[in-house]
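The sequence and the structure are shown below.

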Amino acid sequence: MSDRIKVIPHYLLPKLGLTRFAGRVAGHQGGQYTTTMIRWFVGQFGVNMEEAANPDIASYASFNEFFTRPLRPGVRPLAKADFVCPVDGAISQFGAIDDDQIFQAKGHKFSTTALVGGDATLAAQFQHGSFANLYLSPKDYHRLHMPCDGRLTRMIYVPGALFSVSPTAARGIPGLFARNERVVCVFDSKVHGSFVLTLVGATIVGSMATVWHGLVNPPRPGVVKEWRYDDQNIVLKKGDEMGRFLLGSTIVMLFKKDTIDFNAEWAPERPVRLGEAMGNKPAAKRA
């Protein structure tokens with residue numbers, strides 16, 4: 001059965017209703033019910049609680065508290081690389097941006113302009129640049145970290161659909177990551193120039209948050225909203241936490257041309273871990 005046929009139910013599901021319901025359930029403090037749900041989730045998805053700062057399942061008051069649990073110090077050391085992987089997850093796709101087109105899966109691309117909410121001027125900075133799409137499954141650690149040092153300049157909330165972002169959905173739904181709800185975070189690096197980290201929402205992803213703003217959604221206003229930080233000095237270092245998902249989703253990164261040579265060991269569908277080497281400056285720039 002083709003992936004396009006497999007994803008037909010994704011179009012029919014009441015995605016917003018499911019997402020709102022999941023958000024209420026995940027935020028509810030249900031005592032033993034909550035503990036039972038978390039215990040089932042850990043067993044069902046093989047969550048490694050030994051890596052958690054707090055491995056005691058019964059101590060989490062809500063599913064959200066469990067899902068955004070921090071890791072024990074030292075379990076994700078940072079590689080000696082110019083860019084480190086910002087999440088635990090798996091590689092969806094990565095590589096060169098073809099003019100302004102980002103490769104999603106066989107037969108599917110989307111534009112940088114669509115991804116960032118229609119800002120052609122912002123998107124033009126990444127023409128012929130590089131991208132990386134990383135998928136976070138339910139079992140993964142769901143805090144997001146910085147791939148390199150950066151100063152925050154803008155954040156853009158872009159309303160959209162709430163399709164699943166599973167590998168099957170990526171292969172079957174055209175323009176998936178530029179159709180779903182997303183939060184576009186724009187940074188500037190003294191060494192690497194501008195780069196973008198985009199948090200992509202999905203079915204039952206109850207919310208997305210950043211460390212400087214808190215919850216970005218809900219609410220879901222249905223229109224593009226933008227925050228500018230030119231008059232603030234919000235600087236995050238490589239490896240610092242920058243945001244989090246409530247339930248699994250995808251992060252899409254954009255870098256300027258000739259900014260990054262990706263890790264030679266990276267390949268689509270390969271598992272990745274926070275802090276591992278993502279890439280380095282091109283040899284010519286390093287010299």
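## Lys237 and its salt bridge

Lys237 has a relative accessible area of 46% and is partly exposed; buried means under 20% relative accessible area, exposed over 50%, and partly exposed in between, with a 1.4 Å probe and protein chains only. The side chain of Lys237 meets that of Asp149 in a salt bridge with an N to O distance of 4.0 Å; a salt bridge is a side-chain nitrogen of Lys or Arg within 4 Å of a carboxyl oxygen of Asp or Glu. The pair links distant parts of the chain, 88 residues apart: Asp149 is in the loop between strand S6 (143-145) and strand S7 (150-158), and Lys237 is in the loop between strand S13 (235-236) and S14. Asp149 is likewise partly exposed, at 36%. Helices (H or I, at least four residues) and strands (E, at least two) are DSSP runs, numbered from the N terminus.

This is a predicted model, in which local features need pLDDT of at least 70 and side-chain atom pairs count only at pLDDT 80 or more, while totals for chains, interfaces and linings use all residues. Residues are numbered from 1 along each chain as its sequence is written, and side-chain values use heavy atoms, with hydrogens and water left out.

## Other salt bridges

The count comes to 14 salt bridges. One of them joins the side chains of Lys109 and Asp98 at 3.5 Å, N to O. Because Lys109 lies in strand S4 (residues 108-111) and Asp98 in the loop between strand S2 (89-96) and strand S3 (101-105), this pair ties together parts that are 11 residues apart in sequence. Lys109 is partly exposed at 44%, and Asp98 is partly exposed at 47%.

Another salt bridge, with an N to O distance of 2.8 Å, is formed by the side chains of Arg244 and Glu241. Arg244 has a relative accessible area of 26%, which means that this residue is partly exposed. Salt bridges that share partners also join Asp119, Arg154, Glu226, Arg228 and Asp230 into one network.

## An open sheet

An open sheet of 3 strands has the order S1-S18-S16, with antiparallel pairing; two strands pair if DSSP finds at least two bridges between them. Strand S1 (83-84) and strand S16 (261-262) each have a single partner strand and stand at the edges, so one side of each lacks a neighbour in the sheet. S16 is joined to strand S18 (residues 277-280) by 2 bridges, and Asp261 has Asn280 in S18 as its bridge partner.
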